[in-house]
Amino acid sequence: AGPLVQMGALSRIGGFRASRFEYQKGLDYLEQALALARKLDDPLGQAVALNNLAAIYGQMGDNRKGVEYQERAVHFYHAVGNLREEAIGRNNLGRFYQVLGEYQKALEHLRQSLELRQRVRDERGEGITLNNIGLVYAAIGEYSRALDYYHRTLAKRQKLQDWTGIANVLNNMGTVYSGLGEIDKALDCY
């Protein structure tokens, strides 16, 4: 098999191992895929491997390492002009920074993700990012802004008939209303 096929196989095996909670094995295969992508001077291959490495580090709870790999992946996606994947990567960075309590950095990346998702007309992705922006505002106690983003998320998800997404955002809204002591509104969401 050629090196591109080998690189793809290494990435798929790495992802499979991680899905089975064999994180170290997954990391090992993905590092091999990354090394091969570097050798081939394949920026997209590097981006994919880095993105998958970031995801595994996130699953392992090593969010700093996740940020490191995700930032490198975003760099390559940007360099090759893959706006859709860059938007996903920036959304992931926003989530990593939120978990780390670095809320301004989280909002910065999430806003960039939202702009990119709008440019490529990724409505489902817009809903995801809008919801994540709402989560950050809720985390910092800016509940009216959180609710504004949740309402925008809800409208997107209703338009797309994304029933799981609707349930998720209604739950987030209910949590905010409950925290505000607005029990009747919270119950309407739940």
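Reply: Let's go with H2 and H3, which run roughly antiparallel to each other, because their angle is over the 145 degree cut-off. Bear in mind that this is a predicted model. The packing angle comes out at about 160 degrees, and the axes of H2 and H3 are 8 Å apart. As for handedness, H2 and H3 make a left-handed crossing.

Now for who meets whom. On the H2 side you'll find Tyr 23, Gly 26, Leu 27, Leu 30, Glu 31, Ala 33, Leu 34, Ala 37 and Arg 38. Facing them from H3 are Gly 45, Gln 46, Ala 49, Leu 50, Asn 52, Leu 53, Ile 56, Tyr 57 and Gln 59. Sorted by type, the residues of this H2–H3 contact come to eleven nonpolar, five polar and two charged.

The loop between H2 (23-39) and H3 (43-59) holds Asp 41. Have a look at its backbone: phi of Asp 41 is near 55 degrees, a positive value in a residue that isn't glycine. Asp 41 counts as exposed because its relative accessibility is 63%, over the 50% cut-off.

One last thing at the H3 end: Tyr 57, one of the H3 residues that meet H2, is also touched by Asn 63, as is Gly 58. Asn 63 belongs to helix H4 (residues 63-80), and its other contacts include Phe 96, Val 99 and Leu 100. With 14% relative accessibility, under the 20% cut-off, Asn 63 therefore counts as buried.

Note on methods
Residues are numbered from 1 along each chain as its sequence is written. This is a predicted model: local features need pLDDT of at least 70, side-chain atom pairs count only at pLDDT 80 or more; totals for chains, interfaces and linings use all residues. Side-chain values use heavy atoms; hydrogens and water are left out. Helices (H or I, at least four residues) and strands (E, at least two) are DSSP runs, numbered from the N terminus. Buried means under 20% relative accessible area, exposed over 50%, partly exposed in between (1.4 Å probe, protein chains only). Contact means heavy atoms within 4.5 Å. Axes are lines fitted to C-alpha atoms, for helices over the stretch in contact, and angles run from 0 to 180 degrees between N-to-C directions. Angles under 35 degrees count as roughly parallel, over 145 as roughly antiparallel, 65 to 115 as roughly perpendicular and the rest as oblique. A crossing is left-handed if the near helix is turned anticlockwise from the far one by less than a right angle, and right-handed if clockwise. Ala, Val, Leu, Ile, Met, Phe, Trp, Tyr, Cys and Pro count as nonpolar, Asp, Glu, Lys and Arg as charged, and the others, Gly among them, as polar. Lists of a residue's contacts leave out its neighbours within four places in sequence.
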